[in-house]
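Please open the model in a viewer and keep the selection panel at hand. The stops below proceed from the sheet to a helix pair and end in a loop.

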Amino acid sequence: MPASILDRVKQGIVVGDGGYLLELERRGYVDSGSDREKVGTGKGSGQFTPEVAVENPDALRGLHREFLAAGAHVLQALTFFGTREKLGRAGFGAQTEAINAAAVRLAKEVAGDTALVAGSVSRTQLFEREGPGSAGHVRDLLNEQIQLLKAAGVDFFILETFFHLEEMRIGLEYAAASGLPVVVTMSFRPTTERCSDGYTVAECARQMADGGAALVGANCEQEPTRMLPILRDMRAAVGDRVGIAAQPSAFRTTDQTPCFTNMSQFPDDLETIQVSRRDFREFGRQAKREGINYVGGCCGCNAAYIRVLARGVAQE
Ligand SMILES: [Zn+2]
């Protein structure tokens, strides 16, 4: 078996995998929701849910294989947006257990003895839809999913794509209590200075470290060059207490709109703002120079990007 993520990080920079939902949406296996409503508000109904794990398992298995062959040391089970309420909005609430279990089983099957499997836990969208008063409901939903993923046998957790630190802290409380290692990355929207409930990047990093995360960082929304300053702020805030993790998206944002899900190209014209693979190779080199401990990709990052990211890490 591969070393635990905690030991693996001590041996050198870990290369993760890329983004599943947008890639599978492009291939026709995930619904973006754009035919029904405005996507990108963070309040979407059934958008980008992971029922592909039970509806088209071969498609998901194939993408896992691509990331593994590209050099990923970790496969994330496709359990993003896999809480009961979010799946329920897409019509799959009754399959919550089956979808989470199938996603972990597929990732473990492909990972075999060569990669670790992370359970992905994301925001519920209830903080965006209903506000902080939804915290009690969020608590039940995240706790349920974390227990399902632990029972399915994940090696560790990646808590990702949280816009609100208050919601992240709820997830982290349960993930840390599971006894498994936890990697936590926030997504910064609509600005790169503060998360959606107003905490600075540095404060986010400190609170994630205090909450028991082994690695803290950022994912999604920004391309590598725009994410690097966020990671530097986090490193400055936590020093060497915890590792730094980064899974940027592969879309070019602007100074006015530094988060791709707020751009007019999301979700149907993203090909027009795709960054080049070369940017991910350079990110791999730069991340290693700067002592970042875990690098992968998020939305828009397919296996071609992970392959050159791994090369960049190896070259430096
Ligand atoms: Zn993403």
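Strands are DSSP runs of E with at least two residues, helices are runs of H or I with at least four, and both are numbered from the N terminus; two strands pair if DSSP finds at least two bridges between them. Within this pair, Val184 has Val216 of β6 as its bridge partner.

The model is predicted, so local features need pLDDT of at least 70 and side-chain atom pairs count only at pLDDT 80 or more, while totals for chains, interfaces and linings use all residues. Residues are numbered from 1 along each chain as its sequence is written, and side-chain values use heavy atoms, with hydrogens and water left out.

Next, display the whole sheet. Eight strands form an open sheet with parallel pairing, in the order β1-β8-β7-β6-β5-β4-β3-β2. The edges are β1 (14-15) and β2 (74-77); each has a single partner strand, so one side of each is left without a neighbour in the sheet.

Now select β3. Its seven residues are buried, seven of seven, so β3 is largely enclosed by the rest of the structure. Buried means under 20% relative accessible area, computed with a 1.4 Å probe on protein chains only. On one side lie Leu116, Ala118, Ser120 and Ser122, and on the other Val117, Gly119 and Val121. Centre the view on Gly119: this residue is the bridge partner of Ala77 and stands opposite Phe157 in β4. Four bridges join β2 and β3 in the parallel sense, and five join β3 to the parallel strand β4 (residues 156-162).

Move on to helices α10 (residues 201-210) and α11 (residues 224-238), which pack at an angle of about 55° with their axes 8 Å apart. Axes are lines fitted to C-alpha atoms, for helices over the stretch in contact, and angles run from 0 to 180 degrees between N-to-C directions. To see the contact (heavy atoms within 4.5 Å), show Val201, Ala202, Ala205, Arg206, Met208 and Ala209 of α10 with Ile230, Asp233, Met234, Ala237 and Val238 of α11.

Finally, select Ser249, in the loop between β7 (243-247) and α12 (277-289). Is this residue buried or exposed? Ser249 has 0% relative accessibility and therefore counts as buried. Beyond its neighbours within four places in sequence, its contacts include Cys220, Phe260, Phe280, Cys298 and Cys299.

Technical notes: Buried < 20%, exposed > 50% of the residue type's maximum accessible area, 1.4 Å probe, protein only.
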